[in-house]
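Colleague: I would like to learn how to read the features of this model. Please take me through them one at a time.

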Amino acid sequence: MSDSPTLVTAQHFQYLMERTRGDDPSLKELKQAAKAAGIPSIWVNPAQASFMQILLKLSGAMEVVDVGTLAGYSAITMARALPKGGRVCTLELVKKHADFARAWIEKSDVADKIELFEGNAREILPTFETNSADACFLDADKSGYEFYLKECLRIVGKGGLFMVDNAFAFGELFADKPTDPETPAVRRFNEIMAKEHRIHSVIVPLGDGCWVGIKE
Ligand SMILES: C[S@@+](CC[C@H](N)C(=O)[O-])C[C@H]1O[C@@H](n2cnc3c(N)ncnc32)[C@H](O)[C@@H]1O
């Protein structure tokens, strides 16, 4: 063991992806259909999805808030990690995404565990009850992350699990001139999260970097 980490390269990522449970045929089909429908392929990768499922199983979460549904991939994979009676509340602003996700959630094996809320997360989250969830996954517009974090700190109870995607800003975290307009918001959010004393957290270098934390 050492304080100096092993430098993780693209080769390591490929290696771990090949040794992690991948998508089953229904998720592969969902992704193909989403691409064909013109929905961007910006869902979490299967290794990150597996990691999130393991965290959810370990935490025993029953109620999960999923901010940013897209095609329903994260909602379905997280719902599969919940015990009977568990529920993922997934929030989506764009009608085309919500319509697609609703149809694929309905025909998934976890339709009874997912509730889709169509609309702006900035308006929907404030309607959720305090201490009503055990975990959250933030993966919508990055400029909203600060607000979503504030709301989820109210909604998710003590000991609850926080997961926040894109800590590496689409690979542009250290870029001199980032091309993605959301990169500055990610950088600002990372500083907020690092100083958030109510959550014990760490950035896990899976996918585009995923914040993982526990509300203390
Ligand atoms: C990166 S995708 C989510 C991917 C999804 N979590 C997955 O891994 O399968 C982000 C989604 O957030 C949605 N979104 C953006 N701003 C939003 C808002 N203010 N409220 C709700 N959803 C929003 C986008 O339309 C998009 O579908």
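**Strand pairing, core and ligand shell**

Modeller: Cysteine 89 has glutamate 115 of β3 as its bridge partner. The model is predicted, so to speak of local features a pLDDT of at least 70 is needed, and side-chain atom pairs count only at pLDDT 80 or more, while totals for chains, interfaces and linings use all residues. Residues are numbered from 1 along each chain as its sequence is written.

Colleague: How many bridges join β2 to β3?

Modeller: In general, strands of a sheet pair through backbone hydrogen bonds, either parallel or antiparallel. Two strands pair here if DSSP finds at least two bridges between them; strands are DSSP runs of E, at least two residues, and helices are runs of H or I, at least four, numbered from the N terminus. β2 and β3 run parallel and are joined by five bridges.

Colleague: What is the order of the strands in the open sheet?

Modeller: The seven strands follow the order β3-β2-β1-β4-β5-β7-β6, with mixed pairing. β3 (114-118) and β6 (199-204) are the edge strands, each pairing on one side only. On average, neighbouring strands of this sheet are turned by 15 degrees against each other, direction ignored. Such angles, from 0 to 180 degrees, are taken between N-to-C directions of lines fitted to C-alpha atoms, for helices over the stretch in contact.

Colleague: In which sense do β4 and β5 pair?

Modeller: β4 and β5 pair in the parallel sense, over five bridges. Alanine 135 has leucine 161 of β5 as its bridge partner.

Colleague: Why is β5 largely enclosed by the rest of the structure?

Modeller: A residue is buried if 20 or more other C-beta atoms, placed from the backbone, lie within 10 Å of its own, exposed if 12 or fewer, and partly exposed in between. β5 is largely enclosed because seven of its ten residues are buried.

Colleague: Which residues touch the most other members of the largest nonpolar core?

Modeller: A nonpolar core is a set of buried Ala, Val, Leu, Ile, Met, Phe, Trp, Tyr and Cys residues joined through C-beta atoms within 7 Å. In the largest, of 61 residues, they are Val64 and Cys136.

Colleague: Which residues come nearest to the ligand?

Modeller: A residue is near a molecule if its C-beta atom, placed from the backbone, lies within 6 Å of it. Of the 20 residues around the ligand, Trp43, Gly68, Tyr73, Ser74 and Ala121 come nearest. α4 (73-79), β2 (87-92) and α6 (121-124) each supply at least two residues of the shell.
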